[in-house]
Amino acid sequence: MPTYIVLIGPPGVGKGTQAKIISEETGLPHISSGDLFRENIKNKTDLGLLAETYINKGELVPDNLTISMIRERLKATDCVNGALLDGFPRTPNQAEELEKLLVQFHGRVNHVPYISASSETLIERLGGRLTCRAQGHVYHSKYNPPKVEGKCNLDGSDLYIRDDDKVETIQRRIQVYFDQTSPLIEYYHKRGLLEEINGARSIEEVSTEILKLIGTRQA
Ligand code: AP5
């Protein structure tokens, strides 16, 4: 039976950073809805052009577009043993659609690590984030700086500041999270799947806890 892990938490708490580590450790493919949208924006697809108008304002992309994008991604052969979802679902409606979708793949959501941190921490992390142009590797000017300024350690490409990491957009994204995404906490708590993790610690401490959690719980 495939294993599906859903990472939830506010913008900038470290979902993407942790997802890359957990993906390497478990072999499950890392599926980030934000990365999929950014790839579409980079390639100027119809989906990318539409999604960009929402993302740059800090708003959620409409559910129908997001759900069909994830549905296609989950059908890929590398997801045969499951997947690690980062940034999806982001609303209770998306979570319900995911449940229905996973039934088709003979699976269900097995673990929901919920990474939390204060708004001050989120603003500081997003304000210092640097992203690699080629493959989206993530750094932080203070907490995880690249070895060579402005260059990705892994592929040497330029690092840039995401358009939605501007101060006013960060505030809006945090507000949208509290209004539209935080109901997921209750949604998964009721299903006995939610495990809260204090994200205000080092990258290594957080990943150690998540790995312990997904390794010791019954799938
Ligand atoms: P998305 O890309 O998913 O953005 P997000 O959820 O806001 O999350 P982020 O990528 O900003 O942060 P993160 O938690 O991954 O943190 P990271 O690891 O980078 O989505 C972007 C947009 O796409 C959305 O706003 C929306 O418009 C749209 N979208 C996406 N999914 C959607 C959906 N399902 N429905 C509708 N619309 C959707 O870390 C942040 C920084 O902190 C980095 O610099 C990192 O180095 C640093 N850091 C990480 N962990 C630590 C630590 N423990 N200590 C110190 N620094 C740390």
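Select K44, which sits in the loop between α2 and α3 (46-55). The model is a predicted one. Phi of K44 is near 55°, a positive value in a residue other than glycine. K44 is exposed, with a relative accessible area of 62%.

Next, select H106, in the loop between α5 and β4. Here too there is a residue other than glycine with a positive phi, near 60°. The relative accessible area of H106 is 64%, and it counts as exposed.

Now go to the loop between β3 (82-86) and α5, where P89 is found. Show the backbone from F88 to P89: the peptide bond joining them is cis, with omega about -5°.

Then show the ligand. How many residues surround the ligand? There are 34, and the closest are T17, E59, R90, R129 and R173. By type, the shell around the ligand divides into 13 nonpolar, 11 polar and 10 charged residues.

- V13: a polar backbone atom is 3.3 Å from an oxygen atom of the ligand.
- G16: a backbone N or O atom lies 2.8 Å from an oxygen atom of the ligand.
- Q94: a polar side-chain atom lies 2.9 Å from a nitrogen atom of the ligand.

On its own the ligand has 1,000 Å² of accessible area, and the protein covers 96% of that. To see which elements contribute, colour α1 (15-26), α2 (33-42), α6 (119-127) and β6 (138-140); each gives two or more residues to the shell around the ligand. The largest share, 4 residues, comes from α2.

The last stop is helix α8, residues 183-190. Which residues of α8 are buried? They are L184, Y187 and Y188. Look down the axis of α8: the buried residues fall within an arc of 85°, so they line one face of the helix. An α-helix has 3.6 residues a turn, so residues three or four places apart point the same way.

Turn to the other side of α8 to find H189 and K190, which are exposed. To see what the buried residues of α8 pack against, show the strands β1 (3-7), β4 (109-116) and β8 (194-198) along with the helices α5 (92-104) and α7 (167-181).

Conventions: Residues numbered from 1 in each chain as written. Predicted model: local features only at pLDDT ≥ 70, side-chain atom pairs only at ≥ 80, totals over all residues. Heavy atoms only, no water. Buried < 20%, exposed > 50% of the residue type's maximum accessible area, 1.4 Å probe, protein only. Arc of directions from axis to C-beta. Contact = heavy atoms within 4.5 Å. Near = heavy atom within 4 Å. Polar contact = N/O pair within 3.5 Å; in protein donor to acceptor, adjacent residues only side chain to side chain. Areas by Shrake-Rupley, 256 points an atom, 1.4 Å probe, with all protein chains shown as cover. Nonpolar A, V, L, I, M, F, W, Y, C, P; charged D, E, K, R; others polar.
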